[in-house]
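Take a moment with the sequence and the 3D view. The report below goes through them piece by piece.

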Amino acid sequence: MTPNDTPAAPGRQYDAVLHLLDRQIVDPDDLLIAKVDDLELTRRDDGRWAVSAILTGPGALGPRLHGRLGEWVGAVWRRLHPDADPAPGRIPISDVIDIDSAVTVARHRDALQIDGLEIWVREHVVGRLPGSRHAE
Amino acid sequence: MRPTWRSFGPALLVAGQLLAGCVTPATGADSYHDKASTTVGAAASEVATAQLTVRLVRRDRIQKPYADETVTASETALGSIGNAFGSVQPPTGDDRLRDEVTTLVSDAEDAVAHARIAVRRGDSRDLADAARELSRSAHQLAKAQQALS
Amino acid sequence: MKKVFSIALGVLTAIGGFVDIGDMVTNSLVGARFGLSLAWVVVVGVLGICVFAEMSGRVAAVSGRATFDLVRERLGPRVGLANLLASMAVTLLTFVAEIGGVALALELATSVNYLLWIPLVAAAVWLVLWRTKFSIIENVFGLLGLALVVFAVAVWQLGPDWGMLWHDATHPTKPGTEGLPTYLYYAVALFGAAMTPYEVFFFSSGGVEERWRESDLTTMRNNVFVGFPLGGLLSLAIAATAALVLLPAGIQVDTLGQVGLPVAVALGKLGLAVALLGFFAATFGAACETGLSVGYSIAQYFGWQWGKYVRPRQAARFHLVLLLSAVIAAAVLLTTIDPIKVTEYSVVFSAVALPLTYFPILVVANDPDYMGNRVNGRLANALGTVYLVLILIVALAAIPLMIATKAGM
């Protein structure tokens with residue numbers, strides 16, 4: 001992973017590996033969304049690679065785990081995903097509005113709907129228990 | 001696959017330990033003497049626990065449920081200690097040692113059982129009797145410990 | 001006035017919340033067998049956890065992220081995963097031990113068999129984690145845990161030869177009757193009990209739960225440097241009572257009931273009742289902390305929403321993990337495995353897992369990207385490095401010693 005590119009703030013250089021990969025993604029309300037499990041790179045016209053999107057979820061993390069463990073993670077994810085040919089969760093890099101100890105994206109978590117497992121667990125398990133809507 | 005090994009390592013070790021604990025052949029007289037010594041020490045500990053508890057009950061310094069649980073736990077432990085020692089194959093020539101230790105542990109279990117009954121009843125005479133019996137058992141176990149060390 | 005109150009609350013909660021089933025059982029067991037000749041291990045362990053708790057608390061206050069959150073980033077997903085699996089395994093084992101401890105305490109109080117208490121305790125712990133506010137959990141069980149001060153009172157009441165106690169503690173020689181491997185094995189166990197991995201995860205995640213900011217650093221440091229050592233003193237008090245009452249009687253500790261007997265000797269029924277309250281509070285509080293820690297670590301690796309600071313619906317996977325942990329813990333204990341044995345193993349495996357937990361903290365606390373100008377100073381790094389070496393030695397020695405001594409026989 002070599003490219004250095006400027007995702008959001010003009011003029012500030014970010015190292016994709018140091019500042020993006022495996023970092024927590026948060027929404028504008030500071031709700032935790034996911035980790036940057038992988039990055040989507042696209043070749044620009046000038047031949048250089050640019051980070052075009054953040055990828056999340058087991059589909060993105062599996063390959064980075066290498067070896068049999070990664071293959072197994074990927075296989076389980078493909079099996080359980082409702083789509084026939086699933087793609088990993090994707091957030092275009094243009095959605096990123098800030099990078100500090102976390103990566104802040106513009107859209108709210110519920111709008112992103114990037115999280116199959118969370119939604120499933122909420123609907124089928126946690127949401128059914130009394131008191132799940134109450135604040136502390 | 002180092003990460004996987006690392007995470008299963010402890011589990012395998014625990015499993016290995018547990019299995020090793022199930023079958024314990026005595027290899028040689030020294031090892032058997034060690035086992036006898038450990039058994040006597042463990043039995044003495046349970047008897048001492050029961051003694052202390054009975055003493056506390058007689059001086060009304062302990063709640064009944066607490067005393068009951070503690071003495072019952074000691075009684076159960078003595079049963080396990082006796083079984084564990086009895087299941088070990090003695091080397092030839094050590095049959096007498098086996099009988100002595102087994103008797104000691106069995107007597108201790110009886111004494112603690114009487115203590116448990118006395119504690120549950122709360123009768124001061126029963127407690128006094130139990131205290132005496134425990135004292136006798138403790139004395140015998142102490143002699144055996146000395147002889148085996 | 002309000003500021004003084006809140007500082008006092010923080011320190012008191014830290015003292016009362018420091019001791020868990022591992023500390024209680026291990027210290028009593030060691031005191032009954034080795035007297036105070038291993039007291040130095042507790043001192044070393046408590047200092048160690050102070051150093052690393054301050055680091056992980058600082059990480060939470062300055063970066064707004066919990067330490068484990070940042071581990072995957074700095075060590076990569078593969079090493080992070082290994083770290084996660086090992087930490088979760090040990091923390092889950094500790095969780096099982098704590099729930100067992102609560103059930104045992106209730107058995108001692110009521111004579112109702114501990115197996116009958118287990119499902120209730122697991123359900124109660126889960127319910128508290130589901131509905132109760134984080135700060136209430138911390139404060140209530142932290143303050144109730146102060147009941148364990150009764151052990152210090154008991155030491156006083158037993159009227160020991162203080163000179164001799166001090167001499168034993170400051171001249172760590174192994175008793176003649178015990179072998180060196182056994183002495184070292186229990187040193188490892190005591191060290192693992194004092195530096196339990198979940199404490200730092202929990203402390204750091206708790207800092208995020210309670211929205212610490214840089215302005216909270218002083219309060220946090222007070223809690224750590226005053227509260228934790230005093231909590232460690234309670235551990236030593238438990239060891240001392242065992243040394244004064246159980247050791248001369250030849251009693252080896254293998255039940256929770258034996259741990260409390262010296263208090264009954266010194267202070268009678270009232271003291272014992274207070275001790276039972278302390279047992280309950282310490283183990284229930286620790287059960288909540290370890291349960292949460294299991295959830296924190298897995299959620300922070302995968303980036304899931306975690307925490308009690310959001311509605312349960314917002315952190316569905318996190319709460320599912322808490323629920324499953326409670327169910328698993330109850331299931332394990334219902335196999336009638338001895339909770340005290342589980343405790344003894346949990347402290348030794350904690351010792352094995354220590355490097356995995358503490359090394360990342362040192363890395364993250366030195367990272368200016370997260371910490372700005374609050375990175376570790378020279379003292380923190382010096383102490384941190386020394387402890388890391390020590391921790392590594394302990395972790396490598398733990399399993400061989402366990403095998404060599406047949407788990408302390």
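## Where chain A meets chain C

How many residues of chain A are in contact with chain C, and how many of chain C with chain A? The count is 27 residues of chain A and 29 residues of chain C. Keep in mind that this is a predicted model.

H5(A) gives the largest share, with four residues. By type, the residues on this side of chain A are twelve nonpolar, seven polar and eight charged.

## Chain A: helices and strands

Chain A has five helices and nine strands. Along the sequence they follow the pattern β-β-α-β-β-β-β-α-α-β-β-β-α-α. The chain has 136 residues, and 32% of them are buried. Take the contacts in chain A with a separation of 6 or more: 48% of them come from residues 24 or more positions apart.

## Two hairpins in chain A

What do S3(A) and S4(A) form? They form a hairpin, with five residues between the strands. S3(A) and S4(A) run antiparallel and are joined by three bridges. One pair to look for is A:Val26 and its bridge partner in S4(A), A:Leu32. In the turn sits A:Asp30, with a positive phi of about 70°.

Another hairpin is made by S8(A) and S9(A), with three residues between them. Strand S8 covers residues 96-99 of chain A and strand S9 covers residues 103-105. Their pairing is antiparallel, over three bridges.

## Chain B: helices and confidence

Chain B has five helices and zero strands. Its pattern is simply α-α-α-α-α. Of its 149 residues, 40% are buried. Among contacts in chain B between residues at least 6 apart in sequence, 78% join residues at least 24 apart.

Where is confidence lowest in chain B, and where is it highest? The lowest is in helix H1 (residues 2-22), at a mean of 48, and the highest is in helix H3 (residues 64-86), at 96. Residues 1-5 of chain B have a pLDDT below 50, and this stretch has five contacts beyond near neighbours in sequence. Residues 16-26 of chain B are also below 50, with ten such contacts. Where pLDDT is low, the predicted coordinates should not be read in detail. As a whole, chain B averages a pLDDT of 85, and 80% of the residues score at least 70.

Helix H3 of chain C spans residues 39-63, which makes 25 residues. From first C-alpha to last, H3(C) reaches 36 Å, close to the 36 Å expected at 1.5 Å a residue. Why is H3(C) described as largely enclosed by the rest of the structure? Because 20 of its 25 residues are buried. After H3(C) comes C:Gly64, whose phi is positive, near 75°.

Helix H9 of chain C has 15 residues, 180-194. H9(C) reaches 21 Å from its first C-alpha to its last, close to the expected 21 Å. In H9(C), 13 of the 15 residues are buried, so this helix is largely enclosed by the rest of the structure.

## The nonpolar core

The largest nonpolar core holds 223 residues. Which of them touch the most other members? They are B:Ala43, B:Val47, C:Ile99, C:Val188 and C:Leu190. The largest share of the core, 27 residues, comes from helix H12 (residues 256-302) of chain C. Leaving out residues up to four places away in sequence, C:Val188 touches C:Val348, C:Ala351, C:Val394, C:Ala397, C:Ala398 and C:Leu401.

Now look at C:Leu276, which is found in helix H12 of chain C. Why does C:Leu276 count as buried? Because C:Leu276 has 23 C-beta neighbours inside 10 Å, and the cut-off for a buried residue is 20 or more. Leaving out residues up to four places away in sequence, C:Leu276 touches C:Ala105, C:Leu108, C:Ala109 and C:Gly260. C:Leu256 is 20 residues from C:Leu276 in sequence, and the two are 10.0 Å apart in space, C-alpha to C-alpha.

Note on methods: Residues numbered from 1 in each chain as written. Chains lettered and ligands numbered in written order. Predicted model: local features only at pLDDT ≥ 70, side-chain atom pairs only at ≥ 80, totals over all residues. Contact = placed C-beta atoms within 7 Å. Nonpolar A, V, L, I, M, F, W, Y, C, P; charged D, E, K, R; others polar. pLDDT = per-residue confidence, 0-100. Expected span 1.5 Å × (residues − 1). Buried ≥ 20, exposed ≤ 12 C-beta atoms within 10 Å, placed from the backbone. Core = buried A, V, L, I, M, F, W, Y, C linked by C-beta atoms within 7 Å. Pairing = 2+ DSSP bridges.
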